[in-house]
Amino acid sequence: MNVPLRRVAVGCAVLMFVSLGQVSQVQTFGADGLRLDHRNLRAQLDRFGRPRGELLTRGGGILAASVRQRGRFGFQRVYPGGASYAAVTGYLSLHGATGMEAARNAVLSGADPRVRVRALIGGFGPGAAASVRLTIDERAQRAAHQALRATGRRGAVVVLEPATGAILALVSQPSYDPDRLATHDPAALRRTEAELARTSGDPLVNRALNRSYPLGPALGIVTRAARLGGGPVRRQAEGLGFNAPDLYVPLRVAPSVFPGKGARATPLEIAMLSAAIANGGVLMRPHLVHEIRTRDGTLLERTAPRAYRRAMSARVAGRIARMMTRDGDDVGTAAGAATPGEATVATGFAPAGRPEVAVGVTVEPHGAAEGTAGPNPARAVATAVLKSMTAG
């Protein structure tokens, strides 16, 4: 073979291997995204042509399910939990998916290889889906939703189980009705999307995970831990979860940053502050998924509690916990107004002697309608949630 032909052959071989590599990458990493792309009509027909797995609360309550319908598509997604759970479930529409619908699409749709194998073994046929049981506690979610709604303001609440990192409640306000976005009427869907885009307060934004606020008085937890022997303030903050760019629960969480007085935190991070203190200085990895089971009940996955960071020593955690607990009160909180015109922040845990729940709250100053007033509505929300969770 002469030199020019050899070069052409080598070039063709290189191009072939590059093309194969790109195809493999798409099949491996991009397949789920292609299935959810609203421009893929075949994928839409496949997605709504059979029932999808359910999203459940920790106690088994249904948050998302598929119901049979007439028309072009065989099944439609419904959300019995409505707007109060929208920050958790997200939605599945003709134009895509958000929230847990997107984060666990592979198992909910039946595309996950593990689900496919169990479907074949169990004789369910192709497309049998798995259900996802979340860590969400209905009592905690209801208390958080009602307390925040009573303020008449925008904001968010996160409730954690300090010993495990399980997210017991995740609320963002204002919210939206996922059922309206699950419609299979393209014109109705476009109208709803346009309406939500015009609505003040960005109801589609998950404030609990994807919006950060000035830390305000909760900054004192970080500085106290450093002054009591935890080390440099920045290192102490990072031990509590700040400046982490890769936190997923499995929903993506915006980083909370700690550049001194400019510190900003998500409501999840604010809850993590108290959770670390309540758990003797060990911050557990926050998570939303309890377990995943196939149609025949086979357990595919269960989240085991894992330590995320060693935030501080047990001695330091104990001293801060005592500082946060008022005399004779079974609820420990740290709260106060941030800079005038900014959100109020509160974090806390209960019961004081043996903490079982930790909470992070932010309440924005604008968009108030009616309801709880006072110098710190965030503290009112935090106290209401913690007391409701430990009552009786």
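In the predicted model, a side-chain oxygen of Asp 137 lies within 3.0 Å of the backbone nitrogen of Arg 139, at the start of helix H7. This helix comprises 14 residues, 138–151, and spans 20 Å from its first C-alpha to its last, close to the 20 Å expected at 1.5 Å a residue. Gly 152 follows H7 and has a positive phi, near 70°.

The buried residues of H7 are Ala 140, Gln 141, Ala 143, Ala 144, His 145, Ala 147, Leu 148 and Thr 151. An α-helix has 3.6 residues a turn, so residues three or four places apart point the same way. The cover over the buried residues of H7 includes helices H3 (86–89) and H15 (377–390), together with strands S7 (155–160), S8 (167–173) and S17 (357–363).

In soluble globular proteins, nonpolar side chains tend to be buried together. The largest nonpolar core of the model contains 75 residues, and those with the most contacts inside it are Ile 167, Leu 170, Phe 242, Leu 268, Leu 288 and Met 312. Helix H13 (residues 267–278) contributes the most to this core, with 9 residues. Beyond its neighbours within four places in sequence, Met 312 contacts Ala 225, Gln 236, Leu 240, Ile 277, Gly 280, Gly 281, Ala 317 and Ile 320. A second, separate core has 23 residues, among them Ala 140, Ala 166, Leu 168 and Ala 346.

Six strands form an open sheet with mixed pairing, in the order S3-S2-S1-S6-S12-S13. Its edge strands, S3 (75–78) and S13 (299–302), each pair on one side only. Within the sheet, S1 (residues 55–56) and S6 (residues 131–134) pair in the parallel sense over 2 bridges, and Leu 55 stands opposite Val 132 in S6.

Terms used
Residues numbered from 1 in each chain as written. Predicted model: local features only at pLDDT ≥ 70, side-chain atom pairs only at ≥ 80, totals over all residues. Heavy atoms only, no water. Helix = DSSP H or I, 4+ residues; strand = E, 2+ residues; numbered from the N terminus. Expected span 1.5 Å × (residues − 1). Buried < 20%, exposed > 50% of the residue type's maximum accessible area, 1.4 Å probe, protein only. Contact = heavy atoms within 4.5 Å. Polar contact = N/O pair within 3.5 Å; in protein donor to acceptor, adjacent residues only side chain to side chain. Core = buried A, V, L, I, M, F, W, Y, C linked by side-chain atoms within 4.5 Å. Pairing = 2+ DSSP bridges.
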